[in-house]
Amino acid sequence: MNSNALKASTAALLTATAATALANPGTLPANLHPRAYCALAKDSGLPSRKPYSEASGTCGSDRKQVTPTPGVAGLHNSVFYAVLGATDNPRTLDRLSLVLNVNNVKEGDAAKKALAQYAEQLATRVFGETRPPDLASAVIQGKPKSWRLPAWHVEVAREDFENKKGYTLYVRLIPSGQ
């Protein structure tokens, strides 16, 4: 089998595996090729903005504005979804991330509620009923928290902007062993 045929065959297998997992929420294993996770946030309104990159092992959604009023530098509070392959091996999943940039802290609570909804939807797709029961609560509180599940580590993390006028809130799903 030549290189192009092998790539096409691998892509078809990954697509079929991902389609099966997406049709059966809570059955998505942590050891799939990063490409298999690209469509996970599509049903939540965060479709992948670009095709999977073989070179970087990444794909992700466009930023979605989640509150109406701009804040720092005229930027809105926004959320996006990203799939990241391992730096040393892009064919190995490093993590799935939902990222909220809060540029208008006055609307931060509403933005965190939006992120909590996306996080619940993503967690349900990946874990089904075994998702962390207090994930949404942790996101809304905006404080660091983590959980260990059989094949995954889940964390909520926050980074304040250097100018202290906003912050980034992350929800990360990391395969165990990372």
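**Reading salt bridges, rings and cores**

Mentor: Let us begin with a salt bridge: the side chains of aspartate 160 and arginine 158 meet in one, at 2.8 Å from N to O. Please bear in mind throughout that this is a predicted model.

Trainee: Are aspartate 160 and arginine 158 buried or exposed, or do they fall in between?

Mentor: The class follows from the relative accessible area, with buried meaning under 20% and exposed meaning over 50%. Aspartate 160 has 46% relative accessibility and therefore counts as partly exposed. Arginine 158, at 36%, is partly exposed as well.

Trainee: Which ring does arginine 158 lie over?

Mentor: Arginine 158 lies over the face of tyrosine 167, at 3.7 Å from the ring centre. A second case of this kind involves arginine 172, whose charged end sits over the ring of tyrosine 170, 4.2 Å from its centre.

Trainee: How many salt bridges does the count give?

Mentor: The count comes to seven. One of them joins arginine 131 to glutamate 120, where the closest N and O atoms are 2.9 Å apart. This pair links distant parts of the chain, since arginine 131 is in the loop between H2 and H3 while glutamate 120 is in helix H2, eleven residues apart. Arginine 131 counts as partly exposed because its relative accessibility is 23%, whereas glutamate 120, at 18%, counts as buried.

Trainee: Which residue forms a salt bridge with lysine 145, and what does the pair tie together?

Mentor: The partner of lysine 145 is aspartate 134, and their closest N and O atoms are 2.5 Å apart. Lysine 145 lies in strand E5 (residues 145-148) and aspartate 134 in the loop between H2 and H3, so the pair ties together parts that are eleven residues apart in sequence. Lysine 145 is partly exposed, with a relative accessible area of 35%, and aspartate 134 is partly exposed at 25%.

Trainee: How is a pair of aromatic rings described?

Mentor: Such a pair is described by the distance of the centres and the angle of the planes. A search of the whole structure finds two aromatic pairs. In one of them, tyrosine 37 and tryptophan 152 are edge-to-face, with 6.2 Å from centre to centre and 90 degrees between the planes. This pair links distant parts of the chain: tyrosine 37 is in the loop between helix H1 (3-23) and strand E1 (58-60), and tryptophan 152 is in strand E6, 115 residues apart. Tyrosine 37 counts as buried because its relative accessibility is 0%; tryptophan 152 is buried, with a relative accessible area of 3%.

Trainee: What is the geometry of the pair formed by phenylalanine 127 and tryptophan 152?

Mentor: Phenylalanine 127 and tryptophan 152 are also edge-to-face, at 5.9 Å centre to centre and 80 degrees between the planes. Here phenylalanine 127 belongs to helix H2 and tryptophan 152 to strand E6, 25 residues apart. Both residues are buried. Tyr37, Phe127 and Trp152 form one aromatic cluster.

Trainee: Which residues have the most contacts inside the largest nonpolar core?

Mentor: That core has 40 residues, and those with the most contacts inside it are Tyr37, Tyr81, Leu96 and Trp152. The elements that give two or more residues to it are strand E3 (78-86), strand E4 (89-102), helix H2 (108-127), helix H3 (135-141), strand E6 (152-160) and E7. H2 gives the most, with nine residues. Apart from this core lies another, of five residues, among them Phe80, Ala82, Val99 and Ala157.

Trainee: What does tyrosine 81 touch, leaving aside residues up to four places away in sequence?

Mentor: With those residues not counted, the contacts of tyrosine 81 include Tyr37, Cys38, Leu96, Leu98 and Leu122.

Trainee: Finally, where does threonine 168 lie, and why does it count as buried?

Mentor: Threonine 168 lies in strand E7 (residues 167-175). Its relative accessibility is 7%, so threonine 168 counts as buried. Its side chain makes a polar contact with the side chain of asparagine 101, at 2.9 Å. Not counting residues up to four places away in sequence, threonine 168 touches Val99, Leu100, Asn101, Ala157, Arg158, Glu159 and Phe161.

Definitions and conventions
Residues are numbered from 1 along each chain as its sequence is written. This is a predicted model: local features need pLDDT of at least 70, side-chain atom pairs count only at pLDDT 80 or more; totals for chains, interfaces and linings use all residues. Side-chain values use heavy atoms; hydrogens and water are left out. Helices (H or I, at least four residues) and strands (E, at least two) are DSSP runs, numbered from the N terminus. Buried means under 20% relative accessible area, exposed over 50%, partly exposed in between (1.4 Å probe, protein chains only). A polar contact is a pair of N or O atoms within 3.5 Å; within protein, one must be able to donate a hydrogen and the other to accept it, and residues adjacent in sequence count only if both atoms are side-chain atoms. Contact means heavy atoms within 4.5 Å. A nonpolar core is a set of buried Ala, Val, Leu, Ile, Met, Phe, Trp, Tyr and Cys residues joined through side-chain atoms within 4.5 Å. A salt bridge is a side-chain nitrogen of Lys or Arg within 4 Å of a carboxyl oxygen of Asp or Glu. Rings of Phe, Tyr and Trp (its six-membered ring) pair if their centres lie within 6.5 Å; planes under 30 degrees apart count as stacked, over 60 as edge-to-face and the rest as tilted. A charge sits over a ring if NZ of Lys or CZ of Arg is within 6 Å of the ring centre and within 35 degrees of the ring normal.
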